[in-house]
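Here are a few quick notes to read alongside the model. Take them one at a time and find each spot in the viewer as you go.

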Amino acid sequence: MTPAPPTPGQPTKTYWLEHAWLDTRVEPGVVLQTRDGRITAVRTDTPAPPPGAEVLRGLTLPGLANAHSHAFHRALRGTVQVGSGTFWTWREVMYTVADRLTPETYHRLARAVYAEMALAGITAVGEFHYVHHAPGGTPYADPNAMGEALVEAAADAGIRITLLDTVYLSSGFGQPPNAHQLRFSDGSADAWAERCSLLKERDHARIGAAVHSVRAVPADQLATVARWAEERGAPLHVHLSEQTAENDACREAHGCTPTRLLAEHGVLGPRTTGVHNTHLTDEDIALLGRSGTGTCMCPTTERDLADGIGPAAALQKAGSPLSLGSDSHAVIDLLEEARAMELNERLRTRTRGHWTAAALLRAASADGHAALGRDDAGTLEAGAAADFTTIALDSVRTAGPLPRLGAETAVFAASAADVTHTVVAGRHIVRDGVHRLVPDVPRALADAVAALRG
Ligand SMILES: [Zn+2]
């Protein structure tokens, strides 16, 4: 994978980290230098800050990767918690917001949502983007106006984005898109590829592909999407077996599971990530693991939507790298996603310790960045992207444990509210808990959500 280009013109900057997460351990007193958007040196055994260094108190981690996001779902927070129902009734409410989005309102909302992410220590987001056209399906004058709004929103909020431009062609197996879904559809995978190919990568933005799901992309269109991603070495994501109803319909239409269908059409592989991977057979798990296909778990959304608990431990054991996403943004907190993956497994198995804090942090950082096509982020080492975040170890949630247990404290007790600093490509985006590009993030969120209220 080609590393992101350096950000030229930045002078050398020196940080002193009170504690730093270096690969698998907490080190006290670490000097970290950055230049042109990259880490240039990491020095341990430095008990006091050198002159001129910026001091970051607490535990500094590699920047967190939010590998699965639908930014507009943030507008549903609270409202979808009223009443009962299933994933499918939730989806109807979600479509009423999707119907109202314009490039302007979506930019405004996404800028605020990505700012919330920066405040939560997230330095890169994978935006699974499918609201492409105007309501009814008419393309905008710029056919990528919506995708561009998201790319620009990430730049405005100071984080990196992998725009996973999504193919969405049908409402079910052999069914045309419904009225809500017309604006998601390009008509064919070829037309999607033509539009998507017009999107340009930028310093902060990678372009990837996504298959919405096997119910939304007919089987004979899948290979076109896989080929597009392969030709570009781009990440390819797909919602996979989140619901048993999708599995049943796939078996009826094709006589196999969604995973088997994707395998037969060349969709699986090390650049591919299955999102959710909840209701799988043993053969599905083996297919995903053997092909090196990743798994993005979104535990706070999966529990919010009553989806079920995916077999994350078995998938990883089979060879599927794990990443994490906040998906519907019921909450935006990668630390919560990380601990929820472990705690779900504890509830299911009634045993503890399926992942160490180190393994959970890896899913929330290095493996998440890799799933977004960034192999050069997610570690604090020379040559890596200068993307990192600091968690307070003296808050009401985190005070008490020995600092050497900082990773366990961060993963099992801290929350997004404990993030004090976020640095992206060597730029200090969040300092002392304050976003430096979006001055009042709560107000920006409230205004953007109000603008979408019917
Ligand atoms: Zn999703």
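This is a predicted model: local features need pLDDT of at least 70, side-chain atom pairs count only at pLDDT 80 or more; totals for chains, interfaces and linings use all residues.

1. The zinc ion is held by His68 (NE2), His70 (NE2), His239 (NE2) and Asp327 (OD), at 2.1 to 2.7 Å. Along the chain, these donor residues follow the spacing H-x1-H-x168-H-x87-D.

2. Now look at who gets tied to whom. His68 sits in strand S5 (residues 64-69), while Asp327 is in the loop between strand S12 (322-324) and helix H11 (334-349), so this pair links parts that are 259 residues apart in sequence. Both His68 and Asp327 are buried.

3. What about the geometry? The angles between the four donor atoms around the zinc ion run from 85 to 173°, so the arrangement counts as irregular.

4. Next, check Ser69, which is also part of strand S5. Is Ser69 buried or exposed? Its relative accessibility is 0%, so Ser69 counts as buried. Setting aside neighbours within four places in sequence, Ser69 has contacts that include Tyr114, Phe128, Asp327 and His329. The C-alpha atoms of Ser69 and His329 are 7.5 Å apart, although 260 residues separate the two along the chain.

5. Last stop: the helices. H11 packs against helix H12 (residues 357-364) at an angle of about 130°, with 10 Å between the axes. The two, H11 and H12, are therefore oblique to each other, and H11 passes H12 in a right-handed crossing. On the H11 side the contact uses Leu334, Ala338, Met341 and Glu342, and on the H12 side Leu360, Ala363 and Ala364.

Key
Residues are numbered from 1 along each chain as its sequence is written. Side-chain values use heavy atoms; hydrogens and water are left out. Donors are N, O and S atoms within 2.8 Å of the metal (3.2 Å for Na, K and Ca); water is not among the atoms, so sites may look incomplete. Four donors count as tetrahedral if all angles lie between 85 and 135 degrees; four count as square planar and six as octahedral if opposite donors are over 155 degrees apart and all others between 65 and 115; anything else is irregular. Helices (H or I, at least four residues) and strands (E, at least two) are DSSP runs, numbered from the N terminus. Buried means under 20% relative accessible area, exposed over 50%, partly exposed in between (1.4 Å probe, protein chains only). Axes are lines fitted to C-alpha atoms, for helices over the stretch in contact, and angles run from 0 to 180 degrees between N-to-C directions. Angles under 35 degrees count as roughly parallel, over 145 as roughly antiparallel, 65 to 115 as roughly perpendicular and the rest as oblique. A crossing is left-handed if the near helix is turned anticlockwise from the far one by less than a right angle, and right-handed if clockwise. Contact means heavy atoms within 4.5 Å.
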